[in-house]
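User: Hi! I'm new to reading protein structures. Could you walk me through a few features?

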There are 2 protein chains.
Amino acid sequence: MPRTIWLDDERLFTWDQTRLPFEAIVIELAGAADCAHAISSMQVRGAPLIGAVGAYGLAFALREDDSDAGLSAARATLLATRPTAVNLRWALDRVAVAVAELPRDERAARAWREAAAICDEDVACNLSIGRHAAALLAPLRRGVDPLRILTHCNAGRIATVDHGTALAAVEALADAGVPVHVWVDETRPRNQGAGLTAWELRERSIAHTVIVDNAGGLLMRQGLVDAVIVGCDRVAANGDVANKVGTYLKALAARDNGLPFYVACPVSTIDAQCRGGDAIAIEQRSPREVTHVGGRAPDGSLVEVQITPDGSPALNPAFDITPARLVTALITEHGSVAASLDAIRGLRPAGAPA
Amino acid sequence: MPRTIWLDDERLFTWDQTRLPFEAIVIELAGAADCAHAISSMQVRGAPLIGAVGAYGLAFALREDDSDAGLSAARATLLATRPTAVNLRWALDRVAVAVAELPRDERAARAWREAAAICDEDVACNLSIGRHAAALLAPLRRGVDPLRILTHCNAGRIATVDHGTALAAVEALADAGVPVHVWVDETRPRNQGAGLTAWELRERSIAHTVIVDNAGGLLMRQGLVDAVIVGCDRVAANGDVANKVGTYLKALAARDNGLPFYVACPVSTIDAQCRGGDAIAIEQRSPREVTHVGGRAPDGSLVEVQITPDGSPALNPAFDITPARLVTALITEHGSVAASLDAIRGLRPAGAPA
């Protein structure tokens, strides 16, 4: 399969993830507006992928207006598409810094190369995360059972340029011949687990079972889970983790059952300027994602069905904060580190100024 | 509104809860088979209501066959409709004991009266639970905000003969003029929160907001919850609580945030013969409840949409176990008691032999 975002004859393509798992539709991102729309409409999602699409969006914008004002305006527009993921800001800043001192007529081409480099580095980074995570997880297998991993949301290939973060570990384990079984949280409200993680695992023929978000605690109590691993959208300087809403509940259950809770995160998701989880703005999305559920109707059409009574209000926070004390380790491209101020300080993403 | 189960000219009626919140359809339960089907298909659900329907089912069965063998067979058939709720067994046993020593031609009428008494006692019991719970909850209100209560699943009027258990507290608070706001967990996979609890609260004009099951932990961390109260399906002799899957995760979050976690339970849900939560059989329901979600399509029809890829397996445990150490108190018709062996021992449901 191609990467999640790829070039063909200098044109940029990705999947429309809102149609998965039922339809794998390729869409072209033909300009900055397409990139911004793809992020805000969640045609693309996942912190690393959002960063890559944002970087290309800025490169597109510079083709149309390569002035300082144009750069600044495009950066602001793209940054506003999703507020929580720090990769987006990181990727936009990286492109902006790379072109800032250049003559205007060199900026667009340089930005394009920087976006491509961000993509290549994401792939290498994720492979490294996968290797480090697999080394931690493999010894947790008990007896003849497969290694039983629970994950929340989608931190797979299609959340990144390739391989994924949390699911890079599963991929690496499978490639190494370790029998593995994944408990897939469906991850309401958008069901990225049921729709995307299950789809990816099925494509790769990796054993998995979809469960409702409510079931993970029971499975841990019943001894059916060996470890939890999730991706993340932002790590604060103190090790607090912002990830898809519901992550915190699984971290609590892991702790209550003596199970390791790992967070797979490229160093680019660490926000050294954010002192703690309480300082992270939680994106509030449309209540309609709560009151309605999208899926495939018996006639094969994709529809949204309403599950709440008319007039009952809903609230839809997209992320929650898992305090560092519940995180066994962060697994970065440089290896695992404790989720603490001292351990995180000094980590640098690939490509960042030292 | 009438009770959730009611007699009209000696005929028995209830709501088809599988059509709520979109259609409130009255169905007649015209015999033992109707009662068994209503329970197993979840046209009726909620531990106390299941007990009431089971009792009437046994009365119906005795009209058709009032022999000892008929009684025993009907009891076994009804008991098998839902395995987790202990009220069902309790109600069936109560009817069976009441008729066992009677001449055969008196059994059916006596069973019918016993079923009616179970219903009347449930109403009185729930009113009492509501009063006790409201007295505990009202002082938790902070400042000018309404008292903010989080609940899981549906422990409301339509889970019982009337008033509910956990929601009896909300009803009692509202009746006493205490401003109250309810966070309603949608409660996948069957969405009894989004569909039933929200519907009940809306019918009563009580402020509420529907959230996905994943969101409660975040809201607690953000200081937006004052207390959690849930119903339950069975309490073991040591105080462990079996309730709708996901309850355990909310109990963990309440503990992590220093919030009280109350379980509203008629004494009839306490199973003195069950030593602990691990001895409670967890009902496994159809994977289709996970892979599909029912709701109202844009054309107004009620349909189920598929949310998982074809061929991805799913697991659907219906309940989980909340260990007694996470339960602040059980709130019974006799008042609140600690969730512990010593406190529970000796509690007797209304109508039970001493």
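Analyst: Happy to! Let's begin with one cysteine: B:C274 has a relative accessible area of 5%, so this residue counts as buried. Keep in mind that the model is predicted.

User: How many disulfides does the structure hold over all chains?

Analyst: The way to check is to look at the sulfur atoms, which must be within 2.5 Å of each other. Here the count over all chains is zero. Take A:C35: its closest cysteine sulfur belongs to A:C119 and is 11 Å away, so a bond is ruled out by distance. A:C35 is also buried, at 0% relative accessibility.

User: Now the two chains. How many residues of chain B are in contact with chain A?

Analyst: For an interface, start with the residues, then the area, then the individual pairs. In chain B, 64 residues are in contact with 64 of chain A. Between them the chains bury about 5,100 Å², and 60% of that is on carbon and sulfur atoms. On the chain B side, B:N214, B:R221 and B:L249 lose the most area to chain A, together 14% of what that side buries.

User: Which charged pairs could I look for, for example one with A:D256?

Analyst: The rule finds eight salt bridges across this interface. One is A:D256 with B:R325, where the closest N and O atoms are 3.0 Å apart. Polar contacts across the interface come to 28 residue pairs.

User: Which element gives the largest share of chain B's side?

Analyst: Several elements give two or more residues, among them α7 (192-203), α8 (216-221) and β12 (292-296) of chain B. The largest share comes from α9(B), with six residues. By type, that side of chain B has 34 nonpolar, 17 polar and 13 charged residues.

Definitions and conventions. Residues are numbered from 1 along each chain as its sequence is written. Chains are lettered from A and ligands numbered from 1 in the order in which they are written. This is a predicted model: local features need pLDDT of at least 70, side-chain atom pairs count only at pLDDT 80 or more; totals for chains, interfaces and linings use all residues. Side-chain values use heavy atoms; hydrogens and water are left out. Contact means heavy atoms within 4.5 Å. Buried area is the accessible area (1.4 Å probe) that two parts lose on being put together, summed over both. A salt bridge is a side-chain nitrogen of Lys or Arg within 4 Å of a carboxyl oxygen of Asp or Glu. A polar contact is a pair of N or O atoms within 3.5 Å; within protein, one must be able to donate a hydrogen and the other to accept it, and residues adjacent in sequence count only if both atoms are side-chain atoms. Helices (H or I, at least four residues) and strands (E, at least two) are DSSP runs, numbered from the N terminus. Ala, Val, Leu, Ile, Met, Phe, Trp, Tyr, Cys and Pro count as nonpolar, Asp, Glu, Lys and Arg as charged, and the others, Gly among them, as polar. Buried means under 20% relative accessible area, exposed over 50%, partly exposed in between (1.4 Å probe, protein chains only).
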